[in-house]
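Subject: Handing over the structure

Hello,

Here is the structure I promised to pass on to you. Please have a look at it first, and then read on for a short tour of what turned up.

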Amino acid sequence: ETEGENSAAVTKASTPSEVEQQRAMLNAQMMDEGMAPIDEQEEPELEEEMADGAAEAAEDEKIAAVEANPTLVGIPKDLIPAMRKAFSNLCTSPSGVLFENAMLQVGVKHEYVGAQGRISVFFGNLHATALHNFKVKVDQPDHLRVQMQGTQGLIDDGEGDEGCSIENKTQAKMLLLVEVTAPFDDAPSMRITFETEEGERHDYPLRLPLVATCFMEPVNLDPGAFMQRWKSLEGQDRECQEVMRLPPNSSGIDEEYMSRVSNIIVNGLKFGRCEGVDPTPWTVSGAATFRTGAKDVNGNNINVGCLVRVEANPKANAFRVTTRTLHPLCSKAIKNVSLVSIKLAAL
């Protein structure tokens, strides 16, 4: 197995924006001068990019489609918050409901070993009558090798098939076998379309909860080894950092809450907990390896080492999440999933 600055995975890194470069330079200066308290820093806007991206895409596409065709029904705006929360929960949970309204329930069960994953998706008809011409189109990005199978007619392959019919209180099923080949920070889209017997056409753009942390394997490091690797990964192309304040209605940060945060890092993000790195109960440090199925010139799998630190400030009711990896997309993806999961733990 190989991991390094010249690996195929690392060379796919995108160029950071000017804002990201400035933020990274400021973070590096903070590390050199000693970390300032969280409540003295300017709090950036939380980047729930994957969940928010799914919600915004659903709303924009729904409006455009309905304007073009008055009989087309999209995802109602009042369902967007619940859809965002369901997606975020499934990013760190093995199974659950991804989407539900009066017509349809979409459930997901997913499991991963190294660079490979198995995702089962269930489409349950909650309507009083059958749903016809039911189709599902799944995005297949360059960083994923995907094999799909499902109920006959369910998968939209672009050949104009009529889809399948789902009777009342029955399900259609889809199975995806995936292998990741490079770091990424977005979740693949899944578009559901169908028609009711009343003549309504429905179009639901969703996203599958398939994120970079699904392909992590935990690494246990002693404090010395962790800090050695942490310092070796300094640099604007490797670190990603953000501060998040908990909602005013949250119960605050205490040791019980920190225990939940530790559980998120270990069981949700699949990082190894690195004990003893900091002499304080308000910091959680972890290490993991992002596995890919890509090979180097010697035939070894290309992997990326990943580190994360979650620092809490109970007085400010805030957290700072810092991630360091050799690949900017890995750093960004881990940070985003961490922030969203920590926020959900407070609700």
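Please keep in mind that this is a predicted model.

Valine 136 is 28 residues away along the chain, and its C-alpha atom is separated from that of cysteine 164 by 9.9 Å.

Now for the aromatic rings. The whole structure has nine aromatic pairs. One of them joins phenylalanine 99 and tyrosine 204, a tilted pair with 5.1 Å centre to centre and 50° between the planes. Phenylalanine 99 is in strand 2 (residues 95-100) and tyrosine 204 is in strand 10 (residues 201-207), so this pair ties together parts 105 residues apart in sequence. Phenylalanine 99 is buried, at a relative accessible area of 3%, and tyrosine 204 is buried too, at 1%. Tyrosine 204 also pairs with phenylalanine 194, this time edge-to-face, at 5.6 Å centre to centre and 85° between the planes. Here the link runs from phenylalanine 194 in strand 9 (residues 189-196) to tyrosine 204 in strand 10, ten residues apart. Which residues make up the aromatic cluster? Phe99, Phe123, Phe134, Phe194 and Tyr204 form one cluster together.

Two of those names come back in the largest nonpolar core, which has 81 residues: Phe123, Phe134, Met190, Ile192 and Phe319 touch the most other members. Helix 6 (residues 328-345) gives the most to this core, with seven residues.

Next, the charges. The structure holds eleven salt bridges, and three of them may be worth a visit:

- Arginine 201 and glutamate 195 meet through their side chains at 4.0 Å, N to O. Arginine 201 is partly exposed at 35% relative accessibility, and glutamate 195 is partly exposed at 29%.
- Glutamate 217 and arginine 291 meet at 3.0 Å, N to O. Glutamate 217 is in strand 11 (residues 216-219) and arginine 291 in strand 14 (residues 283-295), so the pair ties together parts 74 residues apart in sequence. Glutamate 217 counts as partly exposed at 28%, whereas arginine 291 counts as buried at 16%.
- Lysine 335 and glutamate 242 have their closest N and O atoms 2.8 Å apart. Lysine 335 lies in helix 6 and glutamate 242 in strand 12 (residues 239-245), so this pair ties together parts 93 residues apart in sequence. Lysine 335 is buried, with a relative accessible area of 1%, and glutamate 242 is buried with 1% as well.

One last stop: the charged end of arginine 309 sits over the ring of tryptophan 230, 5.6 Å from its centre.

Definitions and conventions
Residues are numbered from 1 along each chain as its sequence is written. This is a predicted model: local features need pLDDT of at least 70, side-chain atom pairs count only at pLDDT 80 or more; totals for chains, interfaces and linings use all residues. Side-chain values use heavy atoms; hydrogens and water are left out. A nonpolar core is a set of buried Ala, Val, Leu, Ile, Met, Phe, Trp, Tyr and Cys residues joined through side-chain atoms within 4.5 Å. Buried means under 20% relative accessible area, exposed over 50%, partly exposed in between (1.4 Å probe, protein chains only). Helices (H or I, at least four residues) and strands (E, at least two) are DSSP runs, numbered from the N terminus. Rings of Phe, Tyr and Trp (its six-membered ring) pair if their centres lie within 6.5 Å; planes under 30 degrees apart count as stacked, over 60 as edge-to-face and the rest as tilted. A charge sits over a ring if NZ of Lys or CZ of Arg is within 6 Å of the ring centre and within 35 degrees of the ring normal.
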